[in-house]
Amino acid sequence: MDLSLSTRTVGDRTIVEVGGEIDVYTAPKLREQLVELVNDGSYHLVVDMEGVDFLDSTGLGVLVGGLKRVRAHEGSLRLVCNQERILKIFRITGLTKVFPIHGSVDDAVSATD
Amino acid sequence: MATVELRFSALPEHVRTARLVAAAVARRAGVDEAVLDEVRLAVGEACTRAVGLHMSNGVDSPVRVALIEDEKKFSIEVGDEAPAAAGTLVRGAGDEAPGRPSDDEADGEMGLAVISGLVDDVEITADEKGGVIRMSWPAAPAPVLP
């Protein structure tokens with residue numbers, strides 16, 4: 001299982017739909033995608049992780065990097081995730097306090113705070 | 001002797017293989033299904049860290065993974081050959097410095113944090129010849145059917 005990435009725009013938000021495994025091998029592709037979006041002026045990102053089967057600390061590092069990049073432009077990075085095994089990694093590392101995590105893309109898109 | 005031993009070139013693309021093999025051997029050893037995700041993640045983190053240490057220190061030798069099935073527990077040892085000083089360097093987390101090709105090593109400490117958070121029985125040692133992360137989980141092998 002490799003990493004799949006696709007993007008679409010809803011209003012001023014850019015949805016990044018991620019599927020597959022985010023690990024030390026595939027995380028650079030996600031990083032490239034996030035960097036490219038920010039460079040192109042997309043500062044409000046929603047990363048949809050419902051299709052992610054595996055996430056490790058390398059992937060977390062890339063998401064934190066993405067958050068720092070959008071914040072430099074007063075943007076936002078929201079996550080969509082309902083999978084307990086993925087959420088657990090955010091809890092262990094304390095990153096649930098750093099990322100807004102939503103139950104659906106609709107919630108993430110309509111969130112404003 | 002380990003039940004299964006792996007040696008792989010210190011490259012990111014092989015970490016997934018180590019995860020898959022470790023999870024398969026753990027399942028056979030009787031590790032609870034609910035814990036297999038933790039085994040997979042922990043061994044992945046340990047291998048990722050070892051690969052990062054080898055790459056950043058120019059160590060050509062392979063990363064070693066030993067999967068050991070005992071009567072009541074299943075253990076994994078991940079060994080690197082990076083000198084201790086390299087493994088204990090305090091590194092910043094995250095992926096900064098745009099343009100840097102990779103932040104593999106920057107995540108080493110977050111990887112250790114994940115392992116410590118996941119695994120109750122974990123021991124990390126390092127000396128000038130390299131480091132070893134030992135982790136174990138309870139296991140109850142299924143009875144052999146006639």
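1. Conventions. Residues are numbered from 1 along each chain as its sequence is written, while chains are lettered from A and ligands numbered from 1 in the order in which they are written. As the model is a predicted one, local features need pLDDT of at least 70 and side-chain atom pairs count only at pLDDT 80 or more, whereas totals for chains, interfaces and linings use all residues.

2. Make-up of chain A. Chain A contains four helices and five strands; helices (H or I, at least four residues) and strands (E, at least two) are DSSP runs, numbered from the N terminus. Starting at the N terminus, the order of elements is β-β-α-β-α-β-α-β-α. The radius of gyration of chain A is 13 Å, close to the 13 Å from the globule rule for 113 residues, so chain A is as compact as a globular protein of that length. That radius is taken over C-alpha atoms, and the rule is 2.2 Å times the number of residues to the power 0.38. The C-alpha trace of chain A spans about 30 × 25 × 20 Å along its principal axes.

3. Of the 113 residues, 45% count as buried. A residue is buried if 20 or more other C-beta atoms lie within 10 Å of its own, exposed if 12 or fewer, and partly exposed in between, with C-beta atoms placed from the backbone. Two residues are in contact if their C-beta atoms, placed from the backbone, lie within 7 Å. Among contacts in chain A between residues at least 6 apart in sequence, 70% join residues at least 24 apart.

4. The record for chain A. An unreviewed UniProt entry lists "domain: STAS" for residues 3-112 of chain A; positions are in the numbering used here, feature names are shortened, and annotations may be inferred rather than shown by experiment. That span is 39% helix and 34% strand, and its end C-alpha atoms lie 29 Å apart.

5. The sheet of chain A. The five strands form an open sheet in the order 1-2-3-4-5, with mixed pairing. Strands pair if DSSP finds at least two bridges between them. Strand 1 (3-10) and strand 5 (101-102) of chain A are at the edges with a single partner strand each, so one side of each has no neighbour in the sheet. Strand 1 and strand 2 of chain A run antiparallel and are joined by eight bridges; here Arg8(A) has Ile15(A) in strand 2 as its bridge partner.

6. Strand 3 of chain A. How is strand 3 (residues 44-55) of chain A placed, mostly covered or mostly open? Strand 3 is mostly covered, as nine of its twelve residues are buried. Strand 3 pairs with strand 2 (residues 13-22) of chain A in the parallel sense over eight bridges, and Val46(A) is the bridge partner of Ile15(A). Strand 3 also runs parallel to strand 4 (residues 76-80) of chain A, with five bridges between them; Leu45(A) stands opposite Leu77(A) there. In a regular strand, side chains alternate between the two faces of the sheet.

7. Crossovers in chain A. Strand 2, helix 1 (residues 27-39) and strand 3 of chain A make a right-handed β-α-β unit. Right-handed means that, with the strands pointing away from the viewer, the path from the first strand over the helix to the second runs clockwise. Strand 3, helix 2 (residues 57-71) and strand 4 of chain A make a right-handed unit too. Helix 1 of chain A lies across strands 1, 2 and 3, at about 20 degrees to strand 1. Axes are lines fitted to C-alpha atoms, for helices over the stretch in contact, and angles run from 0 to 180 degrees between N-to-C directions.

8. A loop residue. Glu74(A) is in the loop between helix 2 and strand 4 of chain A. Although Glu74(A) is not a glycine, its phi is positive, about 55 degrees. Glu74(A) is exposed, with 8 other C-beta atoms within 10 Å.

9. Chain B. Chain B has four helices and five strands, in the pattern β-α-α-β-β-α-α-β-β along the sequence. Of its 146 residues, 39% count as buried. The five strands form an open, antiparallel sheet in the order 1-2-3-5-4, with strand 1 (4-8) and strand 4 (121-127) of chain B at the edges. Helix 1 (residues 15-29) of chain B lies across strands 1, 2 and 3 of chain B, at about 175 degrees to strand 1.
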